[in-house]
Amino acid sequence: MTITQYGWNENWNKKWQENGVGAEEKNYVPGRIVGDFGSKYRVITETGETWGELAGKLRHSLGASGDYPAIGDWVVLAMLDGGAHAVIHGLLPRQSVISRKAAGNPPEEQIVASNVDTLFLVSALNDDFNVRRMERYLIMAWNSGANPVILLTKADLCDDADSKIAEMERSAPGVPIYAVSALRGEGREELVPYIGSGQTVALTGSSGCGKSTMVNWLCGRNLQLTQDIREDDSRGRHTTTHRELFIMPDGGIIVDTPGMRELQLWEDEGGLDLAFGDISELASSCRFNNCSHELEEGCAVLAAVSSGELEEKRLLNYRKTQRELRYQNTKENKAKRKTAAASAKASPSRSRGGWRKELEEY
């Protein structure tokens with residue numbers, strides 16, 4: 001395997017020349033993270049796979065969790081012991097970043113995958129089918145910079161797949177949607193344009209939606225462990241416990257990620273307006289520019305709900321998600337101010353006491 005097979009191209013070579021400062025003098029080489037195991041990473045280089053870990057200097061320079069290397073990142077490596085292991089000294093600028101809010105406080109970004117061209121948003125055609133949940137995944141996808149594609153898996157278990165596709169299309173205008181069945185081998189040919197040579201795709205979705213099965217199917221071999229869903233509620237168990245990257249027979253690269261019980265969104269980079277593009281378009285005809293689409297007269301969005309043009313549940317989910325993102329943004333800004341204040345307090349040059357101490361020492 002070579003780094004070219006893992007997506008290295010002229011674009012990345014140009015970034016290497018621009019950002020791999022001193023790489024030639026220090027004998028650094030490029031590599032891509034193909035496995036994220038927490039404290040250590042599996043990386044692919046021109047000479048093959050090896051284990052990598054962060055250089056101490058890099059580790060201490062990283063602040064937020066989102067700054068750390070993630071699956072799909074191209075990194076600057078120093079090879080040791082003849083390539084037996086490597087030390088990561090830096091990251092090349094990311095082309096796309098799929099992220100979510102990590103659990104707990106303070107709010108932190110958790111990178112799901114980076115440098116992904118297409119994000120497969122996976123939902124099973126069983127009792128776990130949920131349009132409102134998919135709207136949230138679409139926001140994450142549009143924010144990432146990757147192109148979203150919706151995969152409705154387990155089509156063999158659904159008698160009314162066409163109606164489910166139509167329902168999803170109404171809530172995901174303009175987004176490609178495919179119903180597939182790994183069991184029957186149906187739908188793979190429609191995905192070929194996304195999984196060709198040099199293309200990187202990632203799969204994300206709730207537990208039990210069939211992501212690991214999709215990885216095995218698209219790769220033509222059993223790479224990931226799969227488990228049956230619970231029959232009583234169609235909920236799945238966490239099969240994938242870490243993020244890993246695989247090569248497909250068509251030449252593309254695929255990333256499987258652990259299933260999500262709940263998707264907590266990170267910062268909004270315009271994804272809300274893109275995911276709810278129909279509402280944004282209607283809003284341009286509202287009487288007031290700052291219309292909240294709740295009680296205002298002349299609201300084109302409310303008029304569309306009254307006429308049946310827009311589903312009320314979709315508008316309610318839009319409002320709920322908008323409030324959530326605003327609250328999240330407030331928490332993030334508060335955490336940033338707190339961190340900045342703590343940093344200023346710790347710096348002698350930023351406090352009166354610090355200046356006094358410096359003068360006394362002088």
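The count of disulfides in this structure comes to 0. The model is a predicted one, and the points below are grouped by topic.

**Cysteines**

- A disulfide is a covalent bond between the sulfur atoms of two cysteines.
- C286 takes part in no disulfide. The cysteine sulfur nearest to that of C286 belongs to C299, at a distance of 3.9 Å, whereas a disulfide requires the two sulfur atoms to be within 2.5 Å.
- C286 has a relative accessible area of 9%, and buried means under 20%, so C286 is buried.
- C219 has a relative accessibility of 4% and therefore also counts as buried.

**Largest cavity**

- Rolling a probe the size of a water molecule over the atoms shows where empty space is left.
- The structure holds 2 cavities of 30 Å³ or more.
- The largest cavity contains about 70 Å³ of space.
- Its lining is made up of V122, S123, A124, D128, N130, R133, M134, Y137, G205, S206 and C209.
- Strand β8, residues 118-124, and helix α3, residues 131-144, each contribute at least two residues to the lining of the largest cavity.
- Sorted by class, the lining of the largest cavity comprises 5 nonpolar, 4 polar and 2 charged residues.

**Second largest cavity**

- The volume of the second largest cavity is about 30 Å³.
- The residues that line the second largest cavity are L138, W142, S171, A172, P173, V175, L274 and A275.
- Helices α3 and α7, the latter spanning 271-275, are the elements that give two or more residues to this lining.
- The lining of the second largest cavity has 7 nonpolar residues and 1 polar residue, with no charged residues.

**Helix α9**

- Helix α9 covers residues 300-307, and A300, V301 and A304 are buried in this helix.
- Viewed down the axis of α9, the buried residues fall within an arc of 105°, and they therefore line one face of the helix.
- G308 follows α9, and the phi of G308 is positive, near 90°.

Key. Residues numbered from 1 in each chain as written. Predicted model: local features only at pLDDT ≥ 70, side-chain atom pairs only at ≥ 80, totals over all residues. Heavy atoms only, no water. Buried < 20%, exposed > 50% of the residue type's maximum accessible area, 1.4 Å probe, protein only. Helix = DSSP H or I, 4+ residues; strand = E, 2+ residues; numbered from the N terminus. Arc of directions from axis to C-beta. 1 Å grid on protein atoms, 1.4 Å probe; cavity = no way out; pocket = protein on both sides within 12 Å on 5 of 7 lines; lining within 4 Å. Points joined across faces, edges and corners; volume = space filled by probe spheres on them. Nonpolar A, V, L, I, M, F, W, Y, C, P; charged D, E, K, R; others polar.
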